[in-house]
Amino acid sequence: MPHIVIKMISGPFGQLKRKTAEAVASALISSLEVDETSVSVVIEDIGQGEWTEKVYEPDIAGKPDTLYKKPSYAPV
């Protein structure tokens, strides 16, 4: 049962979050060949000033063995 966590800088995204969650879930359903009822998606808003501490350090730099798509930016 895949559960997807999307962390993004807070912003005025509103309805785009639902559209994004549906697109990501659809891609996962297709690529893993799982039933749509088994997939869940959550989107967490992170303040820009907290990004390095709450996301980059623990989830990107801190997990190199499980990071399958690396960003092309460096933390501030």
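## Charged pairs

At 41% relative accessibility, aspartate 45 counts as partly exposed, and in this predicted model aspartate 45 forms a salt bridge with lysine 17, with the closest N and O atoms 2.6 Å apart. Because aspartate 45 belongs to strand S2 and lysine 17 to helix H1, the pair ties together parts that are 28 residues apart in sequence.

The count of salt bridges comes to 4. Another of them joins lysine 54 to glutamate 50, where the closest N and O atoms are 3.2 Å apart; lysine 54 is partly exposed at 43% relative accessibility, and glutamate 50 is partly exposed with a relative accessible area of 33%. The side chains of lysine 63 and aspartate 59 also meet in a salt bridge, at 3.7 Å from N to O. Here lysine 63 has 40% relative accessibility and counts as partly exposed, while aspartate 59, with a relative accessible area of 22%, is partly exposed as well. Through shared partners, salt bridges join Lys7, Asp59 and Lys63 into one network.

In soluble globular proteins, nonpolar side chains tend to be buried together. The largest nonpolar core in this model has 6 residues, namely Ile46, Trp51, Val55, Tyr56, Ile60 and Leu67, and helix H2, which covers residues 51-61, gives the most to this core, with 4 residues. Apart from this core lies another, of 5 residues, among them Ile6, Ala25, Leu28 and Val39.

Leucine 67, a member of the largest core, is in contact with Asp59 and Ile60 when its neighbours within four places in sequence are left aside. Asp59 is also the residue whose side chain meets that of lysine 63 in a salt bridge.

## Proline 2 and serine 38

Proline 2 is found in the segment before strand S1, which spans residues 3-9. With a relative accessible area of 19%, proline 2 counts as buried, because buried means under 20%. Not counting residues up to four places away in sequence, proline 2 touches Leu28, Leu32, Val34, Ser38, Val39 and Ser40. The C-alpha atoms of proline 2 and glutamate 36 are separated by 9.8 Å, although these residues are 34 residues apart along the chain.

Serine 38 has its place in the loop between helix H1 (15-32) and strand S2 (40-46), and serine 38 is buried, with a relative accessible area of 18%. A polar atom of the serine 38 side chain lies 2.7 Å from the backbone oxygen of aspartate 35. Leaving out residues up to four places away in sequence, serine 38 touches Met1 and Pro2.

Terms used. Residues are numbered from 1 along each chain as its sequence is written. This is a predicted model: local features need pLDDT of at least 70, side-chain atom pairs count only at pLDDT 80 or more; totals for chains, interfaces and linings use all residues. Side-chain values use heavy atoms; hydrogens and water are left out. A nonpolar core is a set of buried Ala, Val, Leu, Ile, Met, Phe, Trp, Tyr and Cys residues joined through side-chain atoms within 4.5 Å. Buried means under 20% relative accessible area, exposed over 50%, partly exposed in between (1.4 Å probe, protein chains only). Helices (H or I, at least four residues) and strands (E, at least two) are DSSP runs, numbered from the N terminus. Contact means heavy atoms within 4.5 Å. A polar contact is a pair of N or O atoms within 3.5 Å; within protein, one must be able to donate a hydrogen and the other to accept it, and residues adjacent in sequence count only if both atoms are side-chain atoms.
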